[in-house]
Amino acid sequence: MLLKIKKLVSNAVIPQLAKEGDAGMDLVAVSASSTVDYVEYGTGLSLEIEEGHVGLIFPRSSISKTGHRLLNSVGVIDSGYRGEIKVRMNHTDRGAYEVGDRIAQLVIMELP
(Lines give C-alpha, C1' and ligand atoms only; values in the text may rest on other atoms or scores of the structure.)
Protein backbone atom coordinates (compact mmCIF):
# COMPACT_ATOMS: atom_id res chain seq x y z
CA MET A 1 0.00 0.00 0.00
CA LEU A 2 1.16 3.52 -0.77
CA LEU A 3 1.04 5.85 2.24
CA LYS A 4 1.50 9.50 1.36
CA ILE A 5 3.00 11.54 4.21
CA LYS A 6 3.34 15.32 4.32
CA LYS A 7 5.64 17.17 6.71
CA LEU A 8 3.80 20.22 8.03
CA VAL A 9 6.90 21.50 9.86
CA SER A 10 10.56 21.07 8.98
CA ASN A 11 11.46 19.11 12.12
CA ALA A 12 8.72 16.49 11.65
CA VAL A 13 10.00 12.91 11.54
CA ILE A 14 8.66 10.64 8.80
CA PRO A 15 7.51 7.40 10.48
CA GLN A 16 8.90 4.15 9.21
CA LEU A 17 9.10 0.54 10.24
CA ALA A 18 12.23 -0.15 12.31
CA LYS A 19 12.64 -3.58 10.78
CA GLU A 20 10.88 -5.84 8.32
CA GLY A 21 7.89 -7.52 9.88
CA ASP A 22 7.13 -4.70 12.36
CA ALA A 23 3.47 -3.71 12.59
CA GLY A 24 3.82 -0.16 13.87
CA MET A 25 5.75 2.95 12.89
CA ASP A 26 6.89 5.29 15.66
CA LEU A 27 5.39 8.77 15.85
CA VAL A 28 7.67 11.51 17.23
CA ALA A 29 6.45 14.60 19.10
CA VAL A 30 7.46 17.92 17.53
CA SER A 31 5.22 20.00 19.80
CA ALA A 32 3.42 19.71 23.11
CA SER A 33 0.60 21.80 24.50
CA SER A 34 -1.48 21.40 27.59
CA THR A 35 -4.99 22.17 28.80
CA VAL A 36 -6.53 21.44 32.18
CA ASP A 37 -7.86 18.19 30.70
CA TYR A 38 -4.99 16.75 28.64
CA VAL A 39 -1.55 17.04 27.05
CA GLU A 40 -1.58 17.13 23.25
CA TYR A 41 1.49 16.11 21.27
CA GLY A 42 1.73 17.22 17.66
CA THR A 43 3.63 15.13 15.12
CA GLY A 44 3.86 17.80 12.41
CA LEU A 45 2.58 15.22 9.90
CA SER A 46 -0.51 14.68 7.81
CA LEU A 47 -1.29 11.44 5.99
CA GLU A 48 -3.15 10.36 2.91
CA ILE A 49 -4.35 6.88 3.70
CA GLU A 50 -5.75 4.90 0.78
CA GLU A 51 -9.52 4.39 0.78
CA GLY A 52 -10.41 1.05 2.31
CA HIS A 53 -7.67 1.42 4.95
CA VAL A 54 -7.47 2.98 8.40
CA GLY A 55 -4.65 4.37 10.52
CA LEU A 56 -4.63 3.27 14.16
CA ILE A 57 -2.61 5.00 16.87
CA PHE A 58 -1.49 2.81 19.76
CA PRO A 59 0.66 3.62 22.80
CA ARG A 60 4.29 2.53 22.74
CA SER A 61 5.53 0.20 25.47
CA SER A 62 7.55 3.14 26.86
CA ILE A 63 4.26 4.65 28.03
CA SER A 64 4.65 2.51 31.16
CA LYS A 65 7.60 4.73 32.17
CA THR A 66 5.22 7.68 32.30
CA GLY A 67 1.85 8.06 33.93
CA HIS A 68 0.28 8.76 30.55
CA ARG A 69 -2.66 6.99 28.95
CA LEU A 70 -4.07 7.66 25.49
CA LEU A 71 -7.35 9.43 26.10
CA ASN A 72 -9.27 7.58 23.40
CA SER A 73 -7.57 4.19 23.94
CA VAL A 74 -6.79 3.69 20.24
CA GLY A 75 -6.81 6.67 17.88
CA VAL A 76 -8.55 6.19 14.53
CA ILE A 77 -7.42 8.05 11.40
CA ASP A 78 -9.98 7.70 8.63
CA SER A 79 -8.82 7.66 5.02
CA GLY A 80 -10.45 11.05 4.37
CA TYR A 81 -8.71 12.90 7.24
CA ARG A 82 -5.98 15.31 6.12
CA GLY A 83 -5.21 17.29 9.28
CA GLU A 84 -2.19 17.02 11.54
CA ILE A 85 -1.80 13.76 13.42
CA LYS A 86 -1.98 14.59 17.14
CA VAL A 87 -1.90 12.38 20.20
CA ARG A 88 -3.80 13.32 23.37
CA MET A 89 -2.86 11.88 26.73
CA ASN A 90 -3.87 12.47 30.32
CA HIS A 91 -1.85 14.68 32.66
CA THR A 92 0.55 12.87 34.94
CA ASP A 93 3.02 13.62 37.69
CA ARG A 94 4.97 10.39 37.04
CA GLY A 95 6.74 11.79 34.01
CA ALA A 96 5.81 12.87 30.54
CA TYR A 97 7.10 12.71 27.01
CA GLU A 98 9.25 15.54 25.71
CA VAL A 99 9.39 17.07 22.24
CA GLY A 100 11.63 14.75 20.22
CA ASP A 101 10.45 11.59 22.00
CA ARG A 102 8.73 8.70 20.25
CA ILE A 103 5.22 8.96 21.69
CA ALA A 104 3.00 6.42 19.90
CA GLN A 105 2.84 3.89 17.10
CA LEU A 106 0.94 4.15 13.86
CA VAL A 107 -0.48 0.98 12.32
CA ILE A 108 -2.13 1.05 8.88
CA MET A 109 -4.67 -1.71 8.25
CA GLU A 110 -7.01 -2.72 5.49
CA LEU A 111 -10.66 -2.51 6.49
CA PRO A 112 -12.46 -5.85 6.54
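Me: Which residues are linked with Asp26 in a network of salt bridges?
Reply: In this predicted model, Arg60 forms a salt bridge with Asp26, the closest N and O atoms being 3.0 Å apart. Arg102 also forms a salt bridge with Asp26, and here the closest N and O atoms are 3.1 Å apart. Asp26 takes part in both pairs, and the residues linked with Asp26 in the network are Arg60 and Arg102.

Me: How many residues apart in sequence are the parts that Arg102 and Asp26 tie together?
Reply: Arg102 lies in strand β9, which covers residues 102-110, whereas Asp26 belongs to strand β2. The pair therefore ties together parts of the chain whose separation in sequence is 76 residues.

Me: Is Arg102 buried or partly exposed?
Reply: A residue counts as buried under 20% relative accessible area and as exposed over 50%, with partly exposed in between. Arg102 has a relative accessible area of 44%, whereas Arg60 and Asp26 are both buried. With its value of 44%, Arg102 is therefore partly exposed.

Me: Which residue in β7 stands opposite Ile57?
Reply: Strand β6, made of residues 53-59, pairs with β7 in the antiparallel sense over 3 bridges. Within β7, the residue that stands opposite Ile57 is Gly75.

Me: Which side chain meets that of Glu40 in a salt bridge?
Reply: In the open sheet with the order β3-β4-β8, strand β4 (residues 39-42) pairs with β8 in the antiparallel sense over 4 bridges. Glu40 stands opposite Arg88 in β8, but the salt bridge, at 3.6 Å from N to O, is formed with another residue. The partner lies in strand β8, 46 residues apart from Glu40, and the side chain that meets Glu40 there is that of Lys86.

Me: How far apart in space are Ser79 and Glu48, C-alpha to C-alpha?
Reply: Ser79 lies in the loop between β7 and β8, and it touches Ile49, Glu50, Glu51 and His53, not counting residues up to four places away in sequence. Ser79 and Glu48 are 31 residues apart in sequence, while their C-alpha to C-alpha distance in space is 6.6 Å.

Technical notes. Residues numbered from 1 in each chain as written. Predicted model: local features only at pLDDT ≥ 70, side-chain atom pairs only at ≥ 80, totals over all residues. Heavy atoms only, no water. Pairing = 2+ DSSP bridges. Helix = DSSP H or I, 4+ residues; strand = E, 2+ residues; numbered from the N terminus. Contact = heavy atoms within 4.5 Å. Salt bridge = Lys/Arg side-chain N within 4 Å of Asp/Glu carboxyl O. Buried < 20%, exposed > 50% of the residue type's maximum accessible area, 1.4 Å probe, protein only.
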